[in-house]
Amino acid sequence: MTIADSPVSSVSELERLKVLHNGEKQQLTFSDAEFERRLAGLRQIMAAKDLDAV
């Protein structure tokens, strides 16, 4: 069955909008300083290559 065969009458019927809980938040792999260092490096590379997103 497709949506065209049977129109959805409410948002709650749409499977793709269901909330999925991913469990408890885990500790980060890197320290805040290491994360910022890596992020700064990535931003330098993006600027050098004129990229808007990676």
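I looked up the secondary structure and found 1 helix and 0 strands in the protein chain. I note that this is a predicted model.

I checked burial next. Of the 54 residues in the protein chain, buried ones make up 4%. The chain exposes about 5600 Å², and I noted that carbon and sulfur atoms supply 55% of that area.

**Salt bridges.** How many salt bridges are there? I counted 2. I took glutamate 34 and arginine 37 to begin with; they form a salt bridge in which the closest N and O atoms are 2.8 Å apart. Both residues lie in helix α1, 3 residues apart, or about one turn of the helix. I then looked up arginine 38, which forms a salt bridge with glutamate 34, with the closest N and O atoms 2.7 Å apart. Arginine 38 and glutamate 34 are 4 residues apart in helix α1 and are therefore separated by about one helical turn. An α-helix has 3.6 residues a turn, so residues three or four places apart point the same way. I recorded Glu34, Arg37 and Arg38 as linked in a network of salt bridges.

Is arginine 37 buried or exposed? I have it as exposed, because its relative accessibility is 52% and the cut-off for exposed is over 50%. Arginine 38 has 42% relative accessibility, so I list arginine 38 as partly exposed.

**Aromatic contacts.** I searched the whole structure for aromatic pairs and found 0. I did find a charge over a ring: arginine 38 lies over the face of phenylalanine 30, at 3.8 Å from the ring centre. I noted again that arginine 38 also forms a salt bridge with glutamate 34.

**After the helix.** Which residue after α1 has a positive phi? I found aspartate 50, whose phi is near 55°. Most residues other than glycine have a negative phi. Aspartate 50 is not a glycine, yet its phi is positive. I placed aspartate 50 in the segment after α1. Its relative accessibility is 67%, so I count aspartate 50 as exposed.

**Nonpolar patch.** Leu42, Leu51 and Val54 make one of about 270 Å². Where is leucine 51? I located leucine 51 in the segment after α1, the helix that covers 32-48. A patch residue needs over 30% relative accessible area.

How values were computed: Residues numbered from 1 in each chain as written. Predicted model: local features only at pLDDT ≥ 70, side-chain atom pairs only at ≥ 80, totals over all residues. Heavy atoms only, no water. Helix = DSSP H or I, 4+ residues; strand = E, 2+ residues; numbered from the N terminus. Buried < 20%, exposed > 50% of the residue type's maximum accessible area, 1.4 Å probe, protein only. Areas by Shrake-Rupley, 256 points an atom, 1.4 Å probe, with all protein chains shown as cover. Phe/Tyr/Trp six-rings, centres within 6.5 Å; stacked < 30°, edge-to-face > 60°. Lys NZ or Arg CZ within 6 Å of the ring centre and 35° of its normal. Patch = residues over 30% accessible without salt bridge, like charges linked within 9 Å, V, L, I, M, F, W, Y side chains within 5 Å. Salt bridge = Lys/Arg side-chain N within 4 Å of Asp/Glu carboxyl O.
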